Each structure stands twice: as C-alpha cells, then as structure tokens.
Amino acid sequence: MNNKEIFEKAYKYMDVTLTESNCGLLCNYHCCRAVDENGCALGIYFLPFEYNEIQKNEKLIDENSIEIHTRKVYDLPVGINKMFFGNCKDNTNCIRSLRPIQCRTFPFAPHIENGKLYLIIEKEQEHDCPLIEKKELWNPDFEKSILKGWKELLRIKEIRILIEYDSFVRSNENNILYKYAQSEELKGIYYK
Ligand code: SF4
Ligand code: SF4
C-alpha cells in the first residue's frame, strides 16, 4: 500500500463522530476556531504526507493559508524536516468526508508507550471540549474506530517518528489526563 492508500483507509476507519448528534452545536464549534481567545492563530497540523497526498487541490483547505513549518524553526524530531499547517476555507461549513486526521481524532491523541499504542486525552487542551467529562454521551464505536485508523497510519514511518516523539514529550511533561483504548504490541510491519 502506498501512503495515499494508507490515508484513504485511515480516513474510512476514522469516519466516526464522538457523539451521535452534531457535537459542534454544544460548543459553537470550539475546535474549528481560527483564532483563540487571545487572538492567536489556530489551525490544522497535517500529518506527514497528508496535505500533499489527500488535501491539496480538494475543496476543504484554503491553499493560501498553508504554512510550511521547518525543523530549523519549529520543534520537530529528527526525521521530520517539515510540517504543513493551514486553515479551512470555511470553518462554519465543514466538508465532513474530507476533514483531516487532526479533526477526526480529537479529543483523542495517539500515544506510544512501551511498544503499545494508546488513545489519550491531554491535560493541556487547546479546546475546552465539553464532552471530555461526559463519556456517557460518546458514540461507543468512536474509540475502536479511531484506534484502527491510527494503527493504519503508523505504517508510515514518518508518522510513527512524529507520534513517538510527541508521546515522549507528553510523558516527560506528565501531560496525560486520561488513557483509553490500547492496541496489542506494535510489530515490525509498522516500519516500511
Ligand atoms: S470541542 Fe468537543 S464538543 Fe466541541 S466540536 Fe470539538 S469535539 Fe465537538
Ligand atoms: S475540517 Fe471541519 S472539523 Fe476540521 S476545522 Fe475544518 S470545519 Fe472544523
């Protein structure tokens, strides 16, 4: 499978929503904001290969908003030289079938520890998701489907490098609020 096919498969697995109804109505689409309460810009970080393979030339992302964040300036691990960052053309009118991984996985983040993949929720949240403390409202398929998607994405070496790095930083900073679903031990197939 090439990177594009891996993303397509992961997008399918992760085509689930946290609640049965539109959760954006609960919080006025808090996690889609383009600026935070202090006026600082917010946006979407694409996974390695995601922008060029899947999102470029599609209708969702404003190409003029795309920034390339390089390792020279940003805190990126060895093996990741740049990350693409950008905004939606219209944050109030989501094209759900195209939404990137960052939007599909929230409020979960992937976390690798002792060779296993977990879904976690960080203590430090950019978005005050009102559903984090209301697990009873969650779609029961959400955890399982998001975990399957991440397992697929970890076949891409650069994504694995990035997630391992983020996990290391997160553990060092004691930035885990909740730890959820866990995969079996990740094996060699996750490296190309
Ligand atoms: S912040 Fe939480 S409730 Fe609000 S749109 Fe995002 S995921 Fe849904
Ligand atoms: S892709 Fe959809 S869910 Fe993600 S920021 Fe844009 S409008 Fe919001």
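Visitor: What counts as a helix or a strand here?
Guide: Helices (H or I, at least four residues) and strands (E, at least two) are DSSP runs, numbered from the N terminus. The protein has six helices and six strands. This is a predicted model, in which local features need pLDDT of at least 70 and side-chain atom pairs count only at pLDDT 80 or more, while totals for chains, interfaces and linings use all residues. Residues are numbered from 1 along each chain as its sequence is written, and chains are lettered from A and ligands numbered from 1 in the order in which they are written.

Visitor: In what order do the elements run from the N terminus?
Guide: The order is α-α-β-α-β-β-α-β-β-α-α-β. The radius of gyration (over C-alpha atoms) is 16 Å, close to the 16 Å of the globule rule for 192 residues, so the protein is as compact as a globular protein of that length. That rule is 2.2 Å times the number of residues to the power 0.38.

Visitor: Which residues of α1 are buried?
Guide: In α1 (residues 3–13) they are Asn 3, Phe 7, Ala 10 and Tyr 11; buried means that 20 or more other C-beta atoms, placed from the backbone, lie within 10 Å of the residue's own. They fall within an arc of 100° seen down the axis, so they line one face of the helix. The arc is that of the directions from the helix axis to the C-beta atoms.

Visitor: Now ligand 2: which residues surround it?
Guide: Ligand 2 is surrounded by Cys 32, Leu 60, Cys 88, Asn 91, Cys 94, Arg 99 and Cys 103, each with its C-beta atom, placed from the backbone, within 6 Å.

Methods:
A residue is buried if 20 or more other C-beta atoms lie within 10 Å of its own, exposed if 12 or fewer, and partly exposed in between; C-beta atoms are placed from the backbone.
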